[in-house]
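Here are my notes on the model, as numbered points. Please read them with the structure open.

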Amino acid sequence: MGESDIFAGLASVLPPERILGSEAARRVYAHDAYTVDRSAPDVIVLPETTEEAQSVIRWCLAHQVPFTPRGAGTGLSGGAMAAKGGVILSTKRLNRILQIDIPNRRLHAQAGVANLKLSQAVAAEGFHFAPDPSSQSVSTLGGNIAENSGGPHTLKYGVTAPHILAMTWIDNAGEVRTWGTGVEGGPGPDLLSVLVGSEGTLGFVTEAWVKLTPLPARVETLLASFPSVVAATETVAEIIAAGVIPAALEMMDRNILVAVQAAFGLEVPAGTEAMLLVECDGSPAAAQAEIEEVYAICQRFGAIELKLAANEAERKHLWTARKKGVGAMGRLAPTVVTHDGVIPRSKLPEMLTFVYEVAEAERLGVANIFHAGDGNLHPCFYFDDREPGVVERVVRAGERILTKCIELGGSVSGEHGIGVEKVDFMPLMFSEADLALQGDVKRMFPISEFANPCKVLPNLKGCVEHQRRWRGAAH
Amino acid sequence: MAGGGTLSGRRLRGLGTKQGFLAPAVAFESTLGEGGLIDFSPADQVVEVGAGMPISELQALLGAEGQCLPLLDPAEWGAAAAGYPGTVGGLLACNLPHGYMASCGMPRDWVLGATLRRPDGTEAKSGSRAVKSVAGYDAHKLGVGAWGRGLMYVRVILRTYPTKGLPAMSIVQSAPIQAPVFIQRCLRSDFDSMLRQTPGVVAHDPQTQVIWSQERPATPPEGWVIGPGGYRARPAWMDEAEAAFLSTFDPEGDWI
Ligand SMILES: Cc1cc2nc3c(=O)[nH]c(=O)nc-3n(C[C@H](O)[C@H](O)[C@H](O)COP(=O)(O)OP(=O)(O)OC[C@H]3O[C@@H](n4cnc5c(N)ncnc54)[C@H](O)[C@@H]3O)c2cc1C
């Protein structure tokens with residue numbers, strides 16, 4: 001079915017001003033924040049209610065038109081890419097907070113609400129939505145659910161799944177379902193935990209009830225500079241081994257610091273090769289005791305400088321490098337590709353050494369800014385994509401790093417998901433029997449080859465022939 | 001949905017401490033053969049064990065390194081405690097409320113990966129040893145709350161907690177507990193009235209709104225009840241989810 005037929009057909013279920021089909025729009029929606037592969041949709045639709053979204057999905061299913069859910073498009077594995085064209089089902093207009101229930105510590109919102117808006121809506125009442133991906137000012141609740149997103153505070157508060165109490169979603173047969181209640185647990189297999197993190201392949205989430213977490217009474221933030229990456233990673237291991245669970249434990253290496261220094265005037269003590277940002281929270285006594293222990297460990301492992309925030313303004317300042325690091329990378333080279341892998345955290349020293357070796361061998365710049373406490377690496381390769389052959393080297397470097405993650409007992413994705421980017425890595429981590437198990441997980445729910453095609457599992461129907469086209473579209 | 005007569009089919013059984021929560025069965029399949037430590041890395045706070053391992057054995061092993069699963073010592077909780085002891089696989093399959101739930105979450109939140117067996121004997125694994133991972137569908141969470149149906153935990157990878165950091169427990173116990181009890185969970189706003197209405201309360205947790213009672217409670221307006229003999233009161237979506245799960249993983253109804 002051609003683009004104009006899709007447009008005309010959908011105009012029967014949605015007001016035409018909420019169907020976009022211009023060349024410019026199609027180009028913008030051809031990829032998310034992972035830009036190596038691209039595939040333009042025919043149209044983009046903007047439903048405002050569950051019912052409207054259901055009408056669109058039913059229309060697509062009836063006319064065999066592929067459809068792909070999309071939130072803010074900050075995903076880093078191509079999950080929101082229209083792999084076979086068709087319709088992008090955007091949550092941009094599903095942007096209302098529907099109910100705030102402070103007595104029961106929960107909030108009901110549509111899937112397109114930005115993560116940070118959820119926390120802002122209840123901050124005055126002393127609560128927040130704990131999952132805090134670094135993209136939180138724009139990334140959406142629906143995207144966070146799809147990717148089971150984490151963030152700097154995941155170490156203590158967990159990923160998205162335990163914070164989702166219930167959700168309304170449209171399955172791939174076009175039925176609206178509401179699963180979950182305000183009360184967690186209970187007798188029955190935990191399918192909600194499986195839906196969260198399924199990368200938008202099992203259904204389209206339109207609304208969710210999220211758990212609200214009290215804001216901590218006290219937050220202590222420490223920025224520590226180290227003379228070597230090894231000293232910093234060993235400090236991470238020691239903090240965990242000492243039985244302290246900080247709220248956040250983040251690491252930045254020298255190349256990130258250079259970029260942030262240039263962009264935002266961050267002061268970096270001479271001889272610094274890595275910094276750790278550590279946050280402890282809880283009751284005033286507990287937060288203080290923990291940060292003192294962390295402080296002492298950092299000293300023992302040779303920290304050059306230790307800065308403890310004395311107030312909220314200083315705390316914000318100490319977070320500058322961590323929050324602005326990826327953005328500042330743009331100063332290092334025209335293109336930055338952020339990889340994502342995760343390992344048991346005691347393996348960090350070995351893993352980082354390997355990352356630097358790979359970058360050198362592939363003649364690429366690499367900077368590391370990541371969730372050290374979770375063992376979740378984000379090597380950012382920076383390069384000029386006009387240089388012939390460089391993309392292949394970046395892809396190869398990524399493969400080598402992920403293979404090493406698996407070897408060390410970790411996983412090919414800590415938080416960015418499989419999307420289209422890592423489909424071919426799944427067989428590295430999982431046997432045929434393991435993948436068959438995952439196939440059956442998918443089969444518990446209605447399946448359609450038109451619903452968010454070519455994501456997560458390898459060898460899906462009619463996808464292999466598209467792969468080359470995606471790569472070609474980028475260059 | 002009340003528990004009825006004796007069921008046909010096999011019932012997975014670990015140490016049998018939670019059998020009282022299920023309808024009586026005649027044929028059993030033991031999980032105890034799948035015990036044993038596979039790997040423990042205190043520095044990572046991650047342990048992998050055979051799912052038939054008794055929790056008490058796991059706690060001893062973790063304790064030697066200053067680690068634990070955040071579960072109450074049964075001695076503190078009364079002899080026939082509701083949440084513990086039992087096996088590691090049973091802990092996940094039942095996913096029952098416990099004393100540290102307010103601060104450490106549910107057993108669901110501790111499972112990082114698993115090898116699962118289907119009723120036809122085939123096995124497959126899911127997840128990893130990393131504390132977070134988004135690599136395909138989280139099949140290792142599926143057996144959580146399934147009470148031994150559909151998929152059996154054979155080996156599990158769990159995150160552990162430092163013993164030192166454990167907060168105070170939030171359960172208030174008012175009488176000795178005879179397992180199995182009725183366990184209910186309700187909304188915060190309904191908690192006081194449910195607590196008043198429930199006959200024979202033996203313990204409650206104001207932080208997680210869980211009530212343990214020797215007698216059958218009314219069904220909370222929003223929430224659920226687990227009780228002896230297979231008594232269950234739960235929202236309709238759980239029936240829908242369970243039907244989807246069982247028709248995929250145990251269409252013949254081999255495990256009951
Ligand atoms: C600078 C930067 C920093 C980041 N930091 C982090 C971080 O710290 N932690 C982290 O986990 N991730 C991080 N990410 C990745 C990304 O922000 C997260 O994956 C985020 O949750 C995606 O949300 P989104 O709204 O942008 O979703 P999109 O990118 O639009 O979509 C992501 C996936 O979700 C699906 N989807 C979206 N909405 C729905 C819905 N309503 N129903 C069903 N499926 C849906 C899409 O199909 C797609 O597969 C970062 C990205 C950037 C660019």
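1. This is a predicted model. Across the interface of domain 2 and domain 3 of chain A there are three residue pairs in polar contact, both residues at pLDDT 80 or more. On the side of domain 2 that touches domain 3, three residues are nonpolar, five polar and one charged.

2. One salt bridge is counted between domain 2 and domain 3 of chain A. A salt bridge joins the side chains of A:Lys156 and A:Asp281, at 2.6 Å from N to O.

3. Domain 2 of chain A spans 97-214 and domain 3 spans 220-407; their C-alpha centres are 28 Å apart. Nine residues of domain 2 and 16 residues of domain 3 take part in the contact. The two bury about 920 Å² between them, with 52% on carbon and sulfur atoms. On the domain 2 side, A:Pro152, A:Leu155 and A:Lys156 lose the most area, together 63% of what that side buries.

4. Between the chains, the contact involves 59 residues of chain B and 71 residues of chain A. The buried area is about 5,400 Å², and carbon and sulfur atoms give 58% of this. B:Lys132, B:Val134 and B:Tyr137 supply 18% of the area that chain B buries against chain A, more than any other three residues.

5. Nine salt bridges are found across the interface of chain B and chain A. In one salt bridge, the side chains of A:Asp434 and B:Lys125 meet at 2.6 Å, N to O. Helix H5 (236-249) of chain B is among the elements giving two or more residues to the side that touches chain A, and H5(B) gives the largest share, nine residues. By class, that side of chain B has 28 nonpolar, 12 polar and 19 charged residues.

Methods. Residues numbered from 1 in each chain as written. Chains lettered and ligands numbered in written order. Predicted model: local features only at pLDDT ≥ 70, side-chain atom pairs only at ≥ 80, totals over all residues. Heavy atoms only, no water. Contact = heavy atoms within 4.5 Å. Buried area = accessible area lost by both parts, 1.4 Å probe. Salt bridge = Lys/Arg side-chain N within 4 Å of Asp/Glu carboxyl O. Helix = DSSP H or I, 4+ residues; strand = E, 2+ residues; numbered from the N terminus. Nonpolar A, V, L, I, M, F, W, Y, C, P; charged D, E, K, R; others polar. Domains from an automatic or database assignment. Polar contact = N/O pair within 3.5 Å; in protein donor to acceptor, adjacent residues only side chain to side chain.
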